Amino acid sequence: MFLRVFRFLSFFILGIVIFFFFLFLGLKQILDRQSVKDIAVDTIRKYVQLDLSYSEIKSIVFPLPGLQIRDLKVKDGNEEIVSLSSLEVYLSVVSLLKSELKLNSLLAEKGTLYLLRDRNGSFPILTKLRSLSKDDKKEEEEIKEEGPKALLSLIPENLTVNDFSVFLTEEQTESTHILQIQNADLSVDAGDLSASFHTKVKLNEKDLYADVYLHLEKNEWNLNSLYFNSSFGFNELELGKYQDLVGIFENADLTNAKVSGDIQVQRKKEGGFELQLSRLLLSDAKNSRHTELGELSFASELNYDPQKKLAELKRLDIALGNYAKLDLSGSFSQEENHNLQLLLKSEFIDLKKVLALQNSFSKINPSRSKIISSYLKHKPASSPPEKKEEIQIPLTAKLSLDVKNFNADGYVFSYVKGDVNYGNQEVLFPEISAGIYGGEIRVNGNLKLASRYPELNAKLNLSSINLEPALLKAADQKLIKGRLNSNLTLSMFVGPKEMIQNSLRLKGNFFVRNGALQGYANFIKPIAEIGKLLNFNGSSGDSTSFESISGKIEMQNQKLTLSEFDMKGVGLSAVGGGIYQANGKIDMKFTVALPGLAGKAVKLPILYKGVFGRNFAYIDPIWLASVYAGTVLLAGPVGAVVGGLAGSTVSDTVEKTIGTVEDSVESVKDFFFGKKDPKKK
């Protein structure tokens, strides 16, 4: 039994070998016919009006029947367009037996292609392609009706290109780009309605790659049945070689810039899309002033589900040189409410530099590109779109902030946390907290967007703010030292600068503890200068320490009003108030109470009048006159006491009714020392 089976298998295998031997022998005879070779050449000439030449055509039997065309050249007159060292064409066995030519696969090796794009942005070589005949057009329509499967069946199952270079010359820019195809493979399965493509190339000596897989679930021209998985990459592309294109950024200098990236795009059978940007890196870019922008990198993961109408941003990592590192995530629903949810995190942000970077790429001028200008010039005119009734799409949004080291033009916030909500043309911020100058600011309010100029209303709570560095940053001079607590209400219209100034309303109270008046704000300094006269040594003159300062402020119509000012210091106290206007004019009065020798406090009125920073505080001359009179008429300690009491009485009157006073410290000097006689030398 075993011998019978073995003998049967032996004869069966021998029969198959003999069959394929005679089949290949017959195929070789078919392939060696001149008619078959002519079909191959005529098929190419059917579509191009160019001269074809080759050194020889050889027949191939194994692994598939086919032809090898050696030294193939395509010329337009004396100008060479295409050259191939070898083109192997593998044919369908069934089509050959029917004297038809149907490609099974192609293999092209060691070739070149020369392309020219003229000043109009078109390729002259395309005019050499023959137009489709009526039969061809009819066949094209039939293929469309039959579906994608009919089209895929016309494409070779395998197409491979090795060591092929494309030279693209741009007349507009007088430049040549070189694309070196190291390897490219295209595989098509018409029965499975799928195709895959892989290539590895060099563009101007820089590496690029692409991998694509496509699959149609149904034989129909419908993107909903298309699924794919693709990846693309490029490494250190030199943007300076594409200056005509990147030159559209007016405020950027990309002459020496390089860009690298890896991108994956996928559409799953479940219907969802996935985009993954593994890296996008831009280096050696500069602005128009030739300042380095630093290394800019991006990475992202984005999903979209068309059935749920939901887009999910899993992450967007942004690193902008040494001035910003951000992480953004969130989702967007296209349901009825169109809800947007975002979470912004950061390790550090320098807002001024980020805005400068944005300015480098925000101004785009297409006219600076010859290619783009030419395209726009020769682009067919399209009919204007029909005017449709504007539809308001409802949108609700929420932005959650978790930001660290936020630098806003030198004001450094150690953190910014909170939520910003949007809905019904209104921005709401229930509570945003920010750390600055060793303390914290809490803000809640809203921004109404319904009117032409948005209206801002907010409440601010400031706690334990270190005033010294805060005021030093704002005024560029030391004014007050201490820790500030304050509650304020703010309202204004957001628009042009003048509108903001005229509409700004600010009102609230403040409390400063354990501090000192410094520099221009030290209104106690004039007292220190006459301390011996008043028996007061509590101030050094440069600064005056205090235990607390409290008061109220109100700003309206570009005028700041200080009221209920109450200062408690070491051996003194002060009350007062006044007005400061936007033009720098200041008109304030403080009454300082000092201990007196007669058991009653001496009250000194201190005046600020003139221009902030220019006119310093001085003692009310009326009060000084009373002290001076008492000291002269009653010499010695008794005079000082009587003069002090008189000064206190006068000060009490001045507190109730502010009289006319001199506008400068010079008048006080004239009062004390008299006017110098110009005749005396």
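## Aromatic cluster

Ring pairs join Tyr520, Phe523, Phe565, Tyr580, Phe590, Tyr608, Phe612 and Phe616 into a cluster. Rings of Phe, Tyr and Trp (its six-membered ring) pair if their centres lie within 6.5 Å; planes under 30 degrees apart are stacked, over 60 edge-to-face, the rest tilted. The model is predicted: local features need pLDDT of at least 70, side-chain atom pairs pLDDT 80 or more, while totals for chains, interfaces and linings use all residues. Residues are numbered from 1 along each chain as its sequence is written, and side-chain values use heavy atoms, without hydrogens and water.

The whole structure holds 12 aromatic pairs. One of them, Phe523 with Phe590, is stacked, at 4.4 Å centre to centre and 10 degrees between planes. Phe523 sits in the loop between E25 and helix H11 (525-529), Phe590 in strand E29 (585-594), so the pair ties together parts 67 residues apart in sequence. Both Phe523 and Phe590 are buried (under 20% relative accessible area; exposed is over 50%, partly exposed in between; 1.4 Å probe, protein chains only).

Tyr580 and Phe612 pair edge-to-face: 5.7 Å centre to centre, 80 degrees between planes. Tyr580 is partly exposed at 28% relative accessibility; Phe612 is partly exposed at 31%.

## Helix H9

Helices (H or I, at least four residues) and strands (E, at least two) are DSSP runs, numbered from the N terminus. In H9 (467-475), the buried residues are Leu467, Glu468 and Ala470. They fall within an arc of 165 degrees seen down the axis, so they line one face of the helix. The arc uses directions from the helix axis to the C-beta atoms. Just after H9, Asp476 takes a positive phi of about 60 degrees.
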